[in-house]
Amino acid sequence: MAQVGFGAPGTTTGDGGPAERDAALKLPDESALARQLDDIRSGVRAYAYAELPGQGIVASGISQRAGDVAEIAGVATLPAARRRGLAGAVTALLARQALEHGVRTVFLSAASDDVARVYERQGFDRVATACIAEPAA
C-alpha cells in the first residue's frame with residue numbers, strides 16, 4: 001500500500017488505487033512477520049489503517065516507540081483516495097494510541113509543506129527540519 005502512495009508524492013489525487021495496491025503487494029516472509037508481531041505485542045510498533053467501502057485499505061501508517069518517545073512514519077494514502085482526511089485520521093490515531101500508552105513525545109517528518117499541513121491539522125507543530133545525508137561525490 002505505502003509504495004503506491006509514496007510513488008506519487010504529495011497530497012494531490014491521482015490514478016493509483018486498489019488495483020495498483022494489490023499488484024504491488026508483497027507479503028513478509030515468516031521471520032519478518034514474527035519480528036513484526038513481537039514488536040506489536042511488546043508495544044514497540046503500532047500500525048493503523050483506513051478503509052473505504054469496496055476498496056479495502058487505502059491509507060496506512062506506523063508508530064515506532066523507544067522508551068517514552070514515538071515516531072510516526074510511513075503515513076501514505078493511495079492517490080485515488082486522497083483529499084478525504086484519511087492520512088490525518090491515521091496520524092491522529094497513531095499519536096493518540098502512543099500517548100495513551102505512556103509516550104510523552106510523538107514526532108514525525110513531513111516530505112513537503114503540503115504534507116506538513118496535514119500533520120499540523122492534527123495538532124503537530126513544526127519545530128525543526130530533518131536532514132538527509134548523501135554520500136560525497
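# Contacts, core and pocket in a predicted model

Reader: Which residues does Arg82 touch, not counting residues up to four places away in sequence?

Author: In this predicted model, the place of Arg82 is in the loop between E3 and H4. Leaving out residues up to four places away in sequence, the residues that Arg82 touches are Gly5, Ala8, Pro9, Gly10, Thr11, Thr12, Thr13 and Thr77.

Reader: Is Arg82 buried or exposed?

Author: A residue counts as buried under 20% relative accessible area and as exposed over 50%. Arg82 has a relative accessible area of 8%. Arg82 is therefore buried.

Reader: How many Å separate the C-alpha atoms of Arg82 and Arg65?

Author: Arg82 and Arg65 are 17 residues apart along the chain. The separation of their C-alpha atoms is 27 Å.

Reader: Where is Thr77 found, and what is its relative accessible area?

Author: Thr77 is found in strand E3. Arg82 is one of the residues it touches, not counting residues up to four places away in sequence, and the others are Met1, Gly5, Val58, Ala59 and Ala87. Thr77 is buried, and its relative accessible area is 8%.

Reader: In which strand is the place of Ser60?

Author: Ser60 counts as buried, at 9% relative accessibility. Beyond residues up to four places away in sequence, Ser60 touches Met1, Ala48, Tyr49, Gly74, Val75, Ala76 and Val90. The strand that holds Ser60 is E2.

Reader: Of the residues in the largest nonpolar core, which touch the most other members?

Author: In soluble globular proteins, nonpolar side chains tend to be buried together. Here the largest nonpolar core has 28 residues. Those that touch the most other members are Ile72, Leu86, Val106, Tyr119 and Phe124.

Reader: With which residues is Tyr119 in contact, leaving aside its neighbours within four places in sequence?

Author: Tyr119 is among the core residues that touch the most other members. Leaving aside neighbours within four places in sequence, the contacts of Tyr119 are Val75, Thr91, Leu108, Ser109, Ala110 and Phe124.

Reader: What is the volume of the largest pocket?

Author: The largest pocket is lined by 32 residues. Gly10, Thr11, Ala87, Val115 and Val118 are the closest of these to its centre. The volume of the largest pocket is about 660 Å³.

Reader: Which element gives the most to the lining of the largest pocket?

Author: Helix H1 (2-7), E3, H4 and H5 each supply at least two residues of this lining. By class, the lining has 15 nonpolar, ten polar and seven charged residues. The element that gives the most, with seven residues, is E3.

Reader: How many salt bridges does the structure hold?

Author: One of the salt bridges joins Arg45 to Asp39, with the closest N and O atoms 3.4 Å apart. Arg45 counts as partly exposed at 23% relative accessibility, and Asp39 is partly exposed with a relative accessible area of 23%. The number of salt bridges in the structure is six.

Reader: Asp38 forms a salt bridge with Arg41; how far apart are the closest N and O atoms?

Author: Asp38 and Arg41 lie three residues apart in helix H3 (residues 30-42), so about one helical turn separates them. Asp38 is partly exposed, with a relative accessible area of 47%, whereas Arg41 is exposed, with a relative accessible area of 65%. The closest N and O atoms of this salt bridge are separated by 4.0 Å.

Reader: What is the N to O distance where the side chains of Asp114 and Arg117 meet?

Author: Because Asp114 and Arg117 are three residues apart in helix H5, they are separated by about one helical turn. Asp114 counts as partly exposed at 38% relative accessibility, and Arg117 counts as partly exposed at 37%. Their side chains meet in a salt bridge, with an N to O distance of 2.2 Å.

Notes:
Residues are numbered from 1 along each chain as its sequence is written. This is a predicted model: local features need pLDDT of at least 70, side-chain atom pairs count only at pLDDT 80 or more; totals for chains, interfaces and linings use all residues. Side-chain values use heavy atoms; hydrogens and water are left out. A nonpolar core is a set of buried Ala, Val, Leu, Ile, Met, Phe, Trp, Tyr and Cys residues joined through side-chain atoms within 4.5 Å. Buried means under 20% relative accessible area, exposed over 50%, partly exposed in between (1.4 Å probe, protein chains only). Contact means heavy atoms within 4.5 Å. Helices (H or I, at least four residues) and strands (E, at least two) are DSSP runs, numbered from the N terminus. On a 1 Å grid over the protein atoms alone, a cavity is a set of points where a 1.4 Å probe fits but cannot get out, and a pocket is an open set with protein on both sides within 12 Å along at least five of seven lines; lining residues have an atom within 4 Å of a point. Grid points are joined across faces, edges and corners, and a volume is the space filled by probe spheres set on the points. Ala, Val, Leu, Ile, Met, Phe, Trp, Tyr, Cys and Pro count as nonpolar, Asp, Glu, Lys and Arg as charged, and the others, Gly among them, as polar.
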